[in-house]
Amino acid sequence: MTAPAIPGSAPLPMRLKLVHGFGAMAFGVKDNGFSVFLLLYYNQVLGMDASTVSLALFLALLIDAVIDPILGNLGDRTYTRWGRRLPWLYASALPLAVAWVLLWSPPTQAAPSFAGLLGIAVMVRLLLSACEVPSVALVPELTSDYDERTTLFRYRYLFGWIGGLGMMLLAYTVFLPGDAMLQREGYYAFGLFGAVVIFVSVVGSALGQHSRVARLPAQKPPPFSVGIAFAEIREAFSERAFLILAAGAVGAYISQGMTFSMTLYLYNFVWQFSETAFVIYPLVLFASVVIVFMILGPLHRKYGKPATAVFSTMFALLFWTIPYVLRIAGIWPEIGGTESTALVYVFVLVSNVFAVMVMVSGSSMVAEIVEAFQERTGRRAEGSFYSGHWFIQKCATGLGIFLAGLMVELAGIPTNAQPGEVADSVLDNFTMLYIGASVVLGLFSAYWLGKFPINRADHEARLTALEAAARNELASGTPNP
C-alpha cells in the first residue's frame with residue numbers, strides 16, 4: 001500500500017510562486033466588490049434597504065459556508081490524472097465570470113427582490129469557492145516547509161490585493177468616478193471588466209501549475225457519500241489546533257467584514273474624502289500590502305506565526321481606532337481638508353500593515369494543522385481544513401456585513417445621503433458603535449490566536465516523525481494505523 005504523501009521542503013521556483021499567487025486575483029476582485037461596493041450599490045443606487053441588502057449578503061455567506069466543507073471534501077476525494085485540485089479550477093472559471101457580470105447588471109430597472117439578490121450572491125460565492133478552496137489547498141501539497149508556506153501565502157495575498165485594489169482604483173478613476181458612484185451605468189462595465197480578470201486569473205494560474213501538480217494522487221479515495229463526507233469533516237473540525245485558530249479567526253473576520261462594508265460610509269461621510277482622495281486611497285492600501293510582503297517572512301522566522309498574529313492584531317486595533325477617538329474628542333484637523341486626509345492615510349497605512357499580517361499568518365497556520373491531523377489519523381485533508389477555514393471566514397465576514405448594515409440604520413444615516421450633510425451627532429453615534437465593536441472583536445481574536453498550539457519546532461518534529469513512519473510503512477509493506 002502507498003504511504004501517505006508528504007510534500008517536499010525544497011525551495012520552490014519563483015515562477016511557481018508567481019503563478020500560484022496570480023490565481024488569488026479572482027478572490028481579490030470578488031472580495032473588493034462584495035465588501036466595498038455591493039452594499040452601497042444595492043442600497044444607494046438601486047434603492048434597497050441597507051438592512052435588507054446586508055441580510056441577503058449574510059445569508060449568501062452562510063449558505064456558501066455550509067457548502068464549502070462539502071466542496072473541500074470533494075476536492076480531497078477527486079482522483080484524476082490532473083490531480084485533486086486542477087479540474088475544479090478549469091471547470092468553474094467561466095461560470096464564475098458570467099455570474100459576476102449578472103451580479104452587477106440586474107435584469108430589471110427597479111430595485112431587485114430580496115430573493116433575486118440572494119440567488120445571484122449565492123451563485124457567485126459558490127463558484128468562487130469552487131476555485132479558491134482547491135487553489136489554497138494546493139499550498140500544503142506543494143511544500144511542507146514552515147517558511148515556504150508563508151511565502152506562498154504572501155504571494156497569494158499580494159496578488160489578491162492587487163486584484164481587489166486594482167478594481168477599486170479603476171472604479172474611482174474609470175468606471176465610477178465622482179458622482180458616477182451613485183449611478184447605475186458604470187457598474188455594468190465594472191462587473192464586465194472584473195469578470196475578465198477573474199477568468200484569466202483562475203485559468204492562468206491553473207495552467208501555470210499544471211505541470212507541477214497534474215498527476216494521479218498517491219492513494220485512490222473511496223467513493224463520495226454525504227454521510228462519509230460529514231463524518232470526515234466532523235473529524236477534521238475536531239482537531240484542537242483548528243478549533244483554537246477558528247476562535248481567533250472569528251473575531252478577525254467579523255471585524256474585517258464590518259470594516260470593508262463600512263469603507264464608503266466612513267470615507268464619504270465621516271472623513272469626507274474628495275474624489276482625488278478616493279483615487280489615492282487604494283494606493284495607500286497597496287503600499288501597506290507591499291510592506292507586509294517584505295517584512296512578514298523575517299517576522300515569522302524570528303517570532304513564529306502565532307506570536308506575529310497576536311501582536312499584529314493589537315497594533316492594528318490601536319492604529320485603526322486612534323483617528324476616530326481623536327475626531328470624537330474634537331482634536332482632529334478640519335474634516336475633509338488636506339491635513340485630515342493625509343493623517344487618515346498614515347493611520348490606515350500602518351493599521352492595514354498589521355491587519356494583513358494577521359490574515360496571512362492565520363492562513364499559513366492552517367497548513368501546519370494538516371500534518372497534525374495526518375499524525376493523528378494517517379489521512380491528509382487539506383481541502384477539508386481550508387474549506388473549514390473558509391467556513392469560519394465567510395460566516396464571520398457575513399456577520400460583519402450584517403452588523404455594518406445594522407449600524408448604518410441604528411446611527412440614522414439616511415438613504416441617498418450626501419457627504420457633509422449628515423449631522424455630526426449621527427456620525428458620532430456611527431463611529432462609537434463601530435469602534436466599540438472593533439475593540440471587543442480585536443481583543444477576542446488576539447486572546448485565541450495566542451493559544452495556537454503549533455510552533456516551528458512542533459511542526460518540524462512532526463514532519464520528521466511522519467517521514468520516518470512513511471519509510472517504515474514502505475519498508476514493511478504494512479500501513480501504519
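The side chains of Lys 17 and Glu 148 meet in a salt bridge, with 3.6 Å from N to O; the term denotes a side-chain nitrogen of Lys or Arg within 4 Å of a carboxyl oxygen of Asp or Glu. Lys 17 lies in helix α1 (residues 14-22) and Glu 148 in helix α6 (residues 146-175), so the pair ties together parts that are 131 residues apart in sequence. Helices here are DSSP runs of H or I with at least four residues, numbered from the N terminus. Lys 17 is buried, with a relative accessible area of 11%, and Glu 148 is likewise buried at 11%. Buried means under 20% relative accessible area, exposed over 50%, and partly exposed in between, with a 1.4 Å probe and protein chains only.

The model is predicted: local features need pLDDT of at least 70 and side-chain atom pairs count only at pLDDT 80 or more, whereas totals for chains, interfaces and linings use all residues. Residues are numbered from 1 along each chain as its sequence is written, and side-chain values use heavy atoms, with hydrogens and water left out.

The structure holds 12 salt bridges. One of them joins Glu 141 to Arg 85, the closest N and O atoms being 3.0 Å apart. Because Glu 141 lies in helix α5 (residues 114-142) and Arg 85 in the loop between α3 (50-77) and α4, this pair ties together parts that are 56 residues apart in sequence. The two partners can be set side by side: Glu 141 is partly exposed, with a relative accessible area of 21%, whereas Arg 85 counts as buried at 2%.

A further salt bridge is formed by the side chains of Glu 368 and Lys 305, at 2.8 Å from N to O. The pair links distant parts of the chain, with Glu 368 in helix α12 and Lys 305 in helix α11, 63 residues apart. Glu 368 is buried, with a relative accessible area of 1%, and Lys 305 is buried at 0%. Salt bridges with shared partners join Arg 149, Lys 305, Glu 368 and Glu 371 into one network.

The structure holds 35 aromatic pairs. Rings of Phe, Tyr and Trp (its six-membered ring) pair if their centres lie within 6.5 Å; planes under 30 degrees apart count as stacked, over 60 as edge-to-face and the rest as tilted. Phe 319 and Phe 347 form a tilted pair, 6.5 Å centre to centre with 40° between the planes. At 24% relative accessibility Phe 319 counts as partly exposed, while Phe 347, at 17%, counts as buried. The rings of Phe 373 and Phe 385 have their centres 5.2 Å apart and their planes at 80°, so that pair is edge-to-face. Phe 373 lies in helix α12 and Phe 385 in helix α13 (residues 382-411), so the pair ties together parts that are 12 residues apart in sequence. Both Phe 373 and Phe 385 are buried.

The discussion now turns to the nonpolar interior. In soluble globular proteins, nonpolar side chains tend to be buried together. The largest nonpolar core has 151 residues, and those with the most contacts inside it are Phe 37 and Phe 430. The largest share of this core, 18 residues, comes from helix α12 (residues 338-377). A nonpolar core is a set of buried Ala, Val, Leu, Ile, Met, Phe, Trp, Tyr and Cys residues joined through side-chain atoms within 4.5 Å. Not counting residues up to four places away in sequence, Phe 430 touches Met 262, Tyr 265, Leu 266, Val 270, Met 407, Val 408, Ala 411 and Ile 413, where contact means heavy atoms within 4.5 Å.

Helix α7 (residues 185-213) contains Gln 209, which is buried with a relative accessible area of 0%. Beyond residues up to four places away in sequence, Gln 209 touches Leu 16, Val 19, His 20, Leu 138 and Leu 142. Phe 199 is also found in helix α7, but this residue is partly exposed, with a relative accessible area of 33%.

Helices α4 (86-103) and α7 each supply at least two residues of the patch.
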